[in-house]
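Hi there,

Here is the structure I promised to pass on. Have a look at it first, and then read my notes below.

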Amino acid sequence: MTHVSAHCWYNGQIRDREKGAPSVASISFHLGTGVFDGIMAYWNRDHYHLHRAEEHLFRFRQGAACMGLVFPWSVEELLAGIMELLRHEPAGTQYVRPIAFRGGPELWVTGSEGRPVDVSIFTVRTEKHRDLDDPISCELSPVERISSLSIPRQIKVSGAYVNSFFARKTAEKYGADDGLMFDREGHLAEASAANVFLIVADRLITPRLKPDVFPGITRKVFLEIARDRGMDTHESELRREDLAGIDGAFVCSTMMEIRAISKLGERPLLTVELPMYKTLVTAFRSLTHQ
């Protein structure tokens with residue numbers, strides 16, 4: 001069950017959560033043209049640590065602008081709004097979800113530009129439901145990663161996540177937790193809603209950034225950690241056959257943090273036992289629990 005905050009920050013004010021929702025006739029609701037992001041607010045003993053909050057909010061504003069959703073609130077104002085919202089909720093680790101949309105009634109595909117842009121921010125309580133130490137199983141998904149030539153894929157456009165939904169549901173249908181998606185050219189892109197890393201001997205490998213690979217902030221953090229510790233890191237274009245000889249793999253995202261893959265297709269992986277994986281987990285958690 002999702003434990004959503006009772007309040008939201010909506011256009012500069014704290015309100016009851018559902019007061020920050022769009023009209024049932026909103027174009028953003030019907031066409032999925034909203035843009036969102038996600039930030040972890042870690043409750044560390046007596047204070048919140050918002051992990052890479054400025055980077056997330058900058059990406060949020062930039063992504064919204066790419067969809068024509070230009071709003072006046074700065075990164076600093078959004079950050080202040082998040083802190084105010086957190087003060088209205090019980091203390092505890094929260095996933096923070098800002099979303100920009102046009103909430104007024106308008107159904108014309110390209111006729112909503114005159115409608116105001118709204119921004120809502122709410123939180124989801126996570127600490128009682130986190131199973132981050134449990135590895136997951138993945139399949140090589142038959143669902144193709146949607147092309148950036150079809151929908152912008154380096155921003156979090158709501159409608160684009162139908163692709164993620166089908167990849168995850170297809171994996172579950174076949175008994176796996178998630179699916180690794182490939183692009184039209186047959187290159188590994190990512191999991192349904194997370195970046196993916198492979199461990200081969202003493203090398204850490206992840207798909208090279210290109211328009212069809214999402215530039216995750218958590219992905220960036222793990223590359224920074226690995227390089228700071230002298231790990232041999234590679235950003236490469238990978239095909240299905242390149243996954244045959246891996247020793248381990250993991251996925252990472254804001255909400256999932258880092259999750260080991262214990263099974264890829266029918267092949268078991270000992271990811272959780274690998275020294276490189278253990279080092280990355282320890283280093284990441286030292287960053288988030290400040």
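Which helix does V162 lie in? V162 belongs to helix α4, residues 162–173 (helices are DSSP runs of H or I with at least four residues, strands are runs of E with at least two, and both are numbered from the N terminus). Before you go on, note that this is a predicted model, where local features need pLDDT of at least 70, side-chain atom pairs count only at pLDDT 80 or more, and totals for chains, interfaces and linings use all residues. Residues are numbered from 1 along each chain as its sequence is written, and side-chain values use heavy atoms, with hydrogens and water left out.

Back to V162: it counts as partly exposed because its relative accessibility is 46% (buried is under 20% relative accessible area, exposed is over 50%, partly exposed is in between, with a 1.4 Å probe and protein chains only). From V162 to V281 there are 119 residues in sequence and 30 Å in space, C-alpha to C-alpha.

Now the strands. In β5 (residues 39–44), 5 of the 6 residues are buried, so this strand is largely enclosed by the rest of the structure. β5 pairs with β7 (residues 94–101) in the antiparallel sense over 3 bridges (two strands pair if DSSP finds at least two bridges between them), and M40 stands opposite Y95 there. β5 also pairs antiparallel with β6 (residues 47–50), over 4 bridges, with Y42 and H49 as bridge partners. Their hairpin has 2 residues between the strands, and R45 takes a positive phi near 70° in it.

What about the inside? The largest nonpolar core has 28 residues, and L50, F71, L78, I82, A100, V119 and I121 touch the most other members (a nonpolar core is a set of buried Ala, Val, Leu, Ile, Met, Phe, Trp, Tyr and Cys residues joined through side-chain atoms within 4.5 Å). α3 (75–87) is among the elements that each supply at least two residues of this core, and α3 gives the most, with 5 residues. Apart from this core lies another one, of 24 residues, including I225 and C252.

Last, a helix pair. α5 (residues 217–228) and α6 (residues 275–288) pack at about 115°, with axes 10 Å apart (axes are lines fitted to C-alpha atoms, for helices over the stretch in contact, and angles run from 0 to 180 degrees between N-to-C directions).

Happy exploring!
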